[in-house]
Amino acid sequence: MAFHDQNNNHTNGEVSKKPKLSFSAITDTEIQSEFSHHDPTVARLNNGAFGCCPSSVLAAQRQWQLKSLRQPDHFYFNHLQKGILHSRTIIKDLVNAQHVNEISIVDNASTATAIVLQQASWAFQEGKFNKGDSVVMLHYAYGSVKKAIEAYVTRAGGRVIEVPLTFPVTSEDDIIREFRHVLEKTKSEGSSNKVRLAVIDHVTSMPSMVIPVKELVKICREEGVDQVFVDAAHAVGCTPRVDMQEIGADFYTSNLHKWFFCPPSVAFIYTRKSVNSVDLHHPVVSHEYGNGLAIESSWIGNRDYSAQLVVPTVMEFVNRFEGGIEGIKERNHDCVVEMGEMLVEAWGTHLGTPHHMSASMVMVGLPPSLGIMNECDAMNLRTHLREFFGVEVPIYFRDGGEVGCVSGYARISYQVYNKVDDYYKFRDAINQLVSDGLTCAFLSS
Amino acid sequence: MASEKNNHHRSIPDINGTHPTPKKPKLSSSSNFITASEIQSEFSHHDSAVSRINNGSFGSCPSSILSAQQQWQLKYLRQPDHFYFNHLKPAINNSRSIIQNLVNAKDINEISIVDNATTAAAIVLQHTAWCFREGKFNKGDVVVMLHYAYGAVKKSMEAYVTRAGGKVIEVPLPFPVSSNDEIVTEFRKALEKGKVDGKKIRLAVIDHVTSMPCVVIPVKELIQICREEGVEQVFVDAAHSIGCTDVDMQDIGADFYTTNLHKWFFCPPSIAFLYTKKNPKTGGGGDLHHPVVSHEYGNGLAVESAWIGTRDYSAQLVVPEALEFVNRLEGGIEGIKKRNHEAVIEMGEMLVKAWGTHLGSPKHMCASMVMVGLPTCFGVRSDSDALTLRTHLRDVFGVEVPIYYRPPRDGEVDPVTGYARIFYQVYNKVEDYYKFRDAVNQLVDNGFACTLLSK
C-alpha cells in the first residue's frame with residue numbers, strides 16, 4: 001500500500017524525482033518528536049475532539065506565560081494588545097477577511113456561539129426580531145449549540161426550526177434540497193414568521209460530514225434570511241476553502257486548537273464588516289465594553305491569554321510542511337480516506353459519507369454483530385476500546401436502521417502525527433471483538 | 001523579609017512573624033515552615049529589577065504551584081479524551097470542596113469555579129437582565145452599586161441592567177475616608193433614593209474591597225441594612241478578598257459572592273469562585289447560568305461552569321497545592337493576612353512620613369493594601385497624569401505601583417490629588433518600599449511635575 005508520508009514521498013522505497021527546493025521540509029522523525037508528549041501506547045484517532053499541539057508551540061506558549069508572570073503590569077500595558085493584534089492579523093490573512101477588525105479572538109467556538117446568540121436574544125427582546133420569528137439550524141448541529149439556541153433564542157421567544165438531515169449521506173444535493181425546503185416552507189407560513197438567523201455547520205461533529213456552506217449561504221440570501229452564522233468549529237486546517245469572501249457568511253467561527261496546532265484554547269469569530277446594524281458583545285464585560293468585539297474579546301479580565309499569542313509560532317510550524325496548511329489538509333484527507341477504506345474492507349462495512357464530503361475525518365461503519373443499540377452502547381464500546389485496546393475513537397449510534405444493519409460508526413481523524421499502525425491497531429481490535437463474539441449488551445451488563 | 005541582612009531596620013516582621021530582635025524562643029514546629037530564602041526562590045521568576053508593590057492587580061503564583069499546574073497541562077495534552085472523561089470533573093470537584101471549606105459555605109453546590117470576578121459579575125448581572133426582560137422585575141426597578149465599583153462591573157451594569165430597563169443608582173463615597181460611618185450614611189441615603197415612587201431595589205452590588213481607591217467596605221453592616229430595607233438580593237464583589245480579608249459566607253450573609261484566587265491565594269492566572277446561596281425553599285441557586293453555554297446547560301451553575309467548551313482548566317485544578325503552600329507559612333492564610341496587613345501599614349506610614357503626606361484611609365479600613373498620598377508638587381490633575389506618572393516610575397525607576405487621581409473638592413487648599421496604592425505580599429521586602437520612597441524623593445528634588453511628562 002503506497003502510504004504517503006507528510007511530504008508526499010512514497011514510503012515503499014521509491015525515490016522521489018521531485019527537484020530539491022531550497023525549502024527543506026520537516027521530517028517524520030521531527031514530527032514524532034514534536035508530538036512525543038502524546039501517550040505512545042494510545043492509537044489517537046480522535047484529533048477532531050481536542051486537537052493537538054506540537055512541543056515547539058507549547059514551548060513558545062510557556063515563554064509568553066513566563067513573560068507575563070515575570071512582570072504582569074508591564075506585560076499588560078506593553079505586550080498583550082500587540083501580541084493579540086499580531087495573531088488577529090495572521091488569522092485575517094489565513095481566512096481572507098477584508099479587515100483585521102472583522103477578526104476577534106475568543107476561547108472556543110462555544111464562546112463565539114454565545115456571542116452571536118446573545119445578540120439574537122437581545123434582538124428578540126428589543127423588538128428588532130418579533131416573537132415567533134425563527135432561527136434555523138441543522139439536525140446535526142453540535143449539542144452545545146443546540147443548548148445555546150435554547151438558552152438564548154427559545155427563552156427570548158424565538159422559534160427554532162431544525163433542518164432534517166440523513167445519515168449515511170451520499171450527496172450534498174440532499175442537504176441543499178432539505179435546507180431550501182425548510183426555508184421556503186417557513187416563508188410560506190406568512191410574512192410574520194421571518195427567518196432571522198441560520199446557524200450552519202461547516203463540518204458537523206457527530207456524525208461528521210462536510211456541509212456545502214457556500215450553497216446554503218446563497219440560498220439564505222435568496223430567501224431573505226437576516227443573518228447567517230457558520231459554526232466551523234473544525235474548519236481551519238481541516239476543510240478546504242476556508243475563505244470568508246467565498247463563503248459569504250455574516251458570522252463565522254472556527255477553533256484553532258483542533259486542526260491548526262494551537263494550544264488549548266483559541267478560536268476566532270469573523271464578523272462581516274458590512275453588517276453594520278449588528279451589535280455583538282462578549283458576554284464577559286470589561287472596561288473595554290463598547291470598543292468593538294475584537295477589543296472587548298482581547299481583555300475579559302485577568303487571565304492567561306498565552307494560547308492566543310502563539311498563532312505566529314504556529315504559522316511557522318505549519319510552513320515547515322510542504323504546501324503549508326493546504327498541503328497538510330490535502331494529505332490528511334487522502335490518508336483518512338485511505339484508512340477508512342482499509343477499515344471498511346477489513347470489516348465488511350461501508351463509509352458513512354462519500355470522500356468529497358469527508359475532510360480530515362470520516363465515519364467508518366462498525367460490524368453489526370457488535371450490537372450497538374443506543375448511545376449508551378456507543379459510549380461503552382468507546383470506553384472498552386480505550387481501556388482494553390488503547391484505541392481512542394468516538395463512536396456514533398445511528399438510530400432507525402434495520403436489524404442486522406450497521407448501527408454504529410467510528411469517526412476516525414487523521415493528523416500529521418498519525419501513523420498507519422494506529423489504524424491497524426483499531427482494525428485488529430474490532431476484529432478481535434467480533435471473533436470473541438462480544439456485543440454491547442455484554443459490555444453494559 | 002531579609003531581616004537577617006538588615007538588622008538595623010528592626011521594625012519589620014519577617015515572613016514568619018518574628019522580629020529579628022528581641023529573640024523569640026524557637027518553636028520546634030517552626031522548622032517545618034517555609035524560610036525567607038525558600039520564599040524568594042518560589043518567586044524567583046519575578047523580575048528582580050522591579051519593586052513589585054502591586055500584588056493587587058495581577059496577583060502572584062509560587063513556582064511550586066506553577067509546576068503543579070504544568071503537570072496537569074501535560075496530563076491533558078498526553079491523552080485529552082481520557083483526561084476529559086476520567087480526571088477533569090473529580091479534580092474540579094476537589095478544588096470546589098476545598099473552597100467550600102475555606103469560605104464556610106454550607107453546600108458544595110453553592111461553589112462554582114469561573115475564570116475571574118469579571119466573569120462572575122457577568123453571570124449575576126445577565127441573570128438580572130433576564131429578570132427584567134421576563135417581567136420578574138419591573139422596568140425602572142433599581143440596582144444599587146458603589147461609586148468606586150470596579151470599572152468592568154460598571155460596564156457590566158450598563159450592558160445588562162440598564163440595557164434591560166433597570167435603573168442603576170450609585171452610592172457616592174468619600175475619599176479620603178475616615179470611618180465606616182461615612183460609608184454607611186451614604187449607603188442608607190442611596191437606598192432611600194432607590195425606593196422612591198414605589199420602586200423596588202432588586203439587587204445591591206457591594207465591593208468588599210474597592211479597587212481604586214482601595215478601601216475595605218463594611219459589607220456585613222451594609223448587608224444588614226439591605227435586609228432591613230427590603231433589598232431583594234445582595235452581590236458582594238470581593239475580587240480581592242480571599243487571602244486579604246476575612247471570608248466567611250455565613251458571617252457575611254450575601255446571596256452572591258465572588259473572589260479571585262489568583263490575586264491573594266497564590267493560584268495561577270486565572271481562577272475565581274462564585275458563591276450562590278442555596279435558596280432554603282427551592283433548594284436552587286436562583287437559576288444562574290454561565291453565559292458560554294455547553295451541553296451541561298441546565299445542570300446547575302457549578303456543573304455548567306466546569307465545562308464551557310475545550311480549554312485549559314489547569315489553573316482551576318491546583319487549589320489543593322495552593323492550600324498546601326499557604327499552610328507552609330505560619331498561621332496559614334490567617335497568618336499571612338495579618339502579617340501582610342501589619343507590614344503594609346508600616347510601609348505606608350514610613351512613606352507618608354518621608355513625603356509629608358497622609359494615608360487615604362484609617363488602618364482598619366485597609367487590608368493588604370493602603371492608599372498613600374503623593375507629594376502635591378507632582379500636580380496630578382487627571383487620570384491621564386496618574387497613568388503617565390505610573391509609567392515613568394516603571395520605566396525610569398523600576399517601581400510598579402498604580403496611581404490614583406483624586407479630584408479636589410471645592411474649597412480645598414493644596415489638596416493631595418495623587419495616591420499610590422501599595423500592596424504587601426509574602427515576597428515583598430522593605431527595600432521595595434525604600435526604592436519607591438527614594439524614587440519619589442528624587443522626583444521632588446528634581447522639581448518633577450506631571451505636566452512635564454505629558455509634553
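1. Buried area, as used in this note, is the accessible area (1.4 Å probe) that two parts lose on being put together, summed over both. In this predicted model, domain 1 of chain B and domain 2 of chain B bury about 2100 Å² between them on that definition. Carbon and sulfur atoms account for 68% of this area.

2. The two domains in question span residues 74-325 (domain 1) and 332-452 (domain 2) of chain B. Their centres, taken over C-alpha atoms, lie 29 Å apart. The contact between them involves 25 residues of domain 1 and 27 residues of domain 2. On the domain 1 side, F175(B), M212(B) and W264(B) lose the most area to domain 2, and together they make up 32% of what that side buries.

3. Polar interactions between the domains of chain B should be noted as well. The rule finds 1 salt bridge across this interface, and the count of residue pairs in polar contact, both at pLDDT 80 or more, is 6. The side of domain 1 that touches domain 2 divides into 17 nonpolar, 7 polar and 1 charged residues. K337(B) forms a salt bridge with D246(B), with the closest N and O atoms 2.9 Å apart.

4. The next matter is the contact between the chains. Chain B contributes 60 residues and chain A contributes 60 residues. About 5700 Å² is buried between chain B and chain A, and 54% of that area comes from carbon and sulfur atoms. Within chain B, the residues that lose the most area to chain A are F58(B), R133(B) and R163(B), together 13% of what that side buries.

5. Across the interface of chain B and chain A, 9 salt bridges are found by the rule. R78(B) and D39(A) meet through their side chains in a salt bridge, at 3.5 Å from N to O.

6. As to secondary structure, the elements giving two or more residues to the side of chain B that touches chain A are α2 (55-58), α3 (63-78), α4 (80-86), α6 (117-133), α7 (151-162) and α14 (383-397) of chain B. The greatest contribution is that of α6(B), with 7 residues. By residue class, this side of chain B divides into 23 nonpolar, 21 polar and 16 charged residues.

Note on methods. Residues numbered from 1 in each chain as written. Chains lettered and ligands numbered in written order. Predicted model: local features only at pLDDT ≥ 70, side-chain atom pairs only at ≥ 80, totals over all residues. Heavy atoms only, no water. Contact = heavy atoms within 4.5 Å. Salt bridge = Lys/Arg side-chain N within 4 Å of Asp/Glu carboxyl O. Helix = DSSP H or I, 4+ residues; strand = E, 2+ residues; numbered from the N terminus. Nonpolar A, V, L, I, M, F, W, Y, C, P; charged D, E, K, R; others polar. Domains from an automatic or database assignment. Polar contact = N/O pair within 3.5 Å; in protein donor to acceptor, adjacent residues only side chain to side chain.
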